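Hi,

Here's the structure I promised to pass on to you. Have a look at it first, and then read my notes below.

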Amino acid sequence: MEQLQAQHLRLLSHLDTSYQRSLMAKINWNSRLIGIRGARGVGKTTMLLQYIKERYGSDPNIALYASLDHLYFAHHNLLELAEEFYKRGGKCLCLDEVHKYYGWSREIKNIYDGFPDLKVVFTGSSLLNILNAEADLSRRCMSYDMQGLSFREYLWFKEHLSFPVFSLDDILNHPLEASEHISKNCRPLQHFSKYLQEGYYPFFLQPNIDYLTQVQKVVNLILEIELPQLGNVDVGNIRKLRSLLSVISSGVPFAVDISKMAQMAELNRNTIVNYLAHLNRAKLVNLLYSDALNLKRMQKPDKIYLENTNLLYALSLTQVETGTERETFFVNQLSYHHDVEYAKQADFLIDRKYTIEVGGQGKGKRQITGIENAYIAADGIEYALGNKIPLWLFGFLY
């Protein structure tokens, strides 16, 4: 256990607590069992360490951080750690990357039941199935999903510009007030293009790092390690999946032809549909359906986007297409807290209520004429003009 305590102290000694994700304030930290899922690289470990330092200080006998890929677990199990930690007066056990520990859910359930006054907080891959794991944690665990940085968070982390979160209703019903509030304090378009290229993952906080190379490493780790382990993806097909992601990144928003994709990837149709679902859960792609409640969803999506715009720049073999970039950003930011569906007349249907057409500053209203609750998300403008809303403003939803 001393090895884990030493790692805990080293990490806290180098921790920057200046910037915190908005999710930090939304988690009910009073719960006894908390699970946080998210894609690799979005900042789960940093948030876990910040919580420890802010709530408990640095004493590893009170709150302990432990990554489950540590060599300690080659000879010890989680129950042994919990018992030893509890005997020393431990109050909060924070477990990182639980997906790397076989049987994690069963042992966490046993810890929860066996130590009633011990809090457990754990993080894991976005592929992690917390509520339907081997052991039933549904009645015990408060679970949360962690997204990459919003444009609002990027402005705070990178430029030290602090702005409030705006709800979707605020943005759609009072877009001029919201855009004026932000534009009088900064020039959003000055920072927006940089965010789209290198702002979704907090890697830019690390000095002397090649950002897009780091994003490529994240993709490779998800493909080569997490998908085979957690998604039962055949290791022999990883190269084909990587090629498929490259095709998606290099084209216009990808209209889905499963048969053509199966031919390109040299896989059968059912395997392609299954693998697309895994890529979606791994936060590498976003799948859109024209009717999310229809059984058609079990067959194939209507459109495929990469999960965020930084992936476009990291994976594309050609120049990133502007229309693809705009739509990818919009789907990414809206899908975190809202239902996004593919709309046949315009681009997107949000929460089965709002129709949104995405385009440049010269985008007309032809596609949304006669549609109730219809708006244009326009790139290249600073202020809202009627129902034409700045695209960047949708980056202030969290």
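This is a predicted model: local features need pLDDT of at least 70, side-chain atom pairs count only at pLDDT 80 or more; totals for chains, interfaces and linings use all residues.

Helix H6 (residues 151-159) and helix H9 (residues 188-198) have axes that come within 10 Å and cross at roughly 100°. Angles of 65 to 115 degrees count as roughly perpendicular, so that's what H6 and H9 are to each other. On the H6 side, the contact is made by Phe151, Tyr154, Leu155 and Glu159. H9 brings Pro188, His191, Phe192, Lys194, Tyr195 and Glu198. Sorted by class, that contact has six nonpolar, one polar and three charged residues.

Next, the sheet. Five strands make up an open sheet with mixed pairing, in the order S9-S10-S11-S12-S13. Strand S9 (340-342) and strand S13 (388-390) are the edge strands, so each pairs on one side only. From one strand to the next, the twist averages 35°. Inside the sheet, strand S11 (residues 354-359) and strand S12 (residues 374-378) run parallel and are joined by five bridges. If you want a spot to look at, Gly359 stands opposite Ala378 in S12.

Last up is the largest pocket, which holds about 870 Å³ of space. Its lining has 37 residues, and Gly43, Lys44, Thr45, Thr46 and Gln206 lie nearest the centre. Which element gives the most to that lining? It's H3, with six residues. The elements giving two or more residues are helix H3 (44-56), strand S2 (63-67), strand S4 (119-125) and helix H10 (211-231). By class, the pocket lining has 14 nonpolar, 15 polar and eight charged residues.

Cheers

Definitions and conventions:
Residues are numbered from 1 along each chain as its sequence is written. Side-chain values use heavy atoms; hydrogens and water are left out. On a 1 Å grid over the protein atoms alone, a cavity is a set of points where a 1.4 Å probe fits but cannot get out, and a pocket is an open set with protein on both sides within 12 Å along at least five of seven lines; lining residues have an atom within 4 Å of a point. Grid points are joined across faces, edges and corners, and a volume is the space filled by probe spheres set on the points. Helices (H or I, at least four residues) and strands (E, at least two) are DSSP runs, numbered from the N terminus. Ala, Val, Leu, Ile, Met, Phe, Trp, Tyr, Cys and Pro count as nonpolar, Asp, Glu, Lys and Arg as charged, and the others, Gly among them, as polar. Axes are lines fitted to C-alpha atoms, for helices over the stretch in contact, and angles run from 0 to 180 degrees between N-to-C directions. Angles under 35 degrees count as roughly parallel, over 145 as roughly antiparallel, 65 to 115 as roughly perpendicular and the rest as oblique. Contact means heavy atoms within 4.5 Å. Two strands pair if DSSP finds at least two bridges between them.
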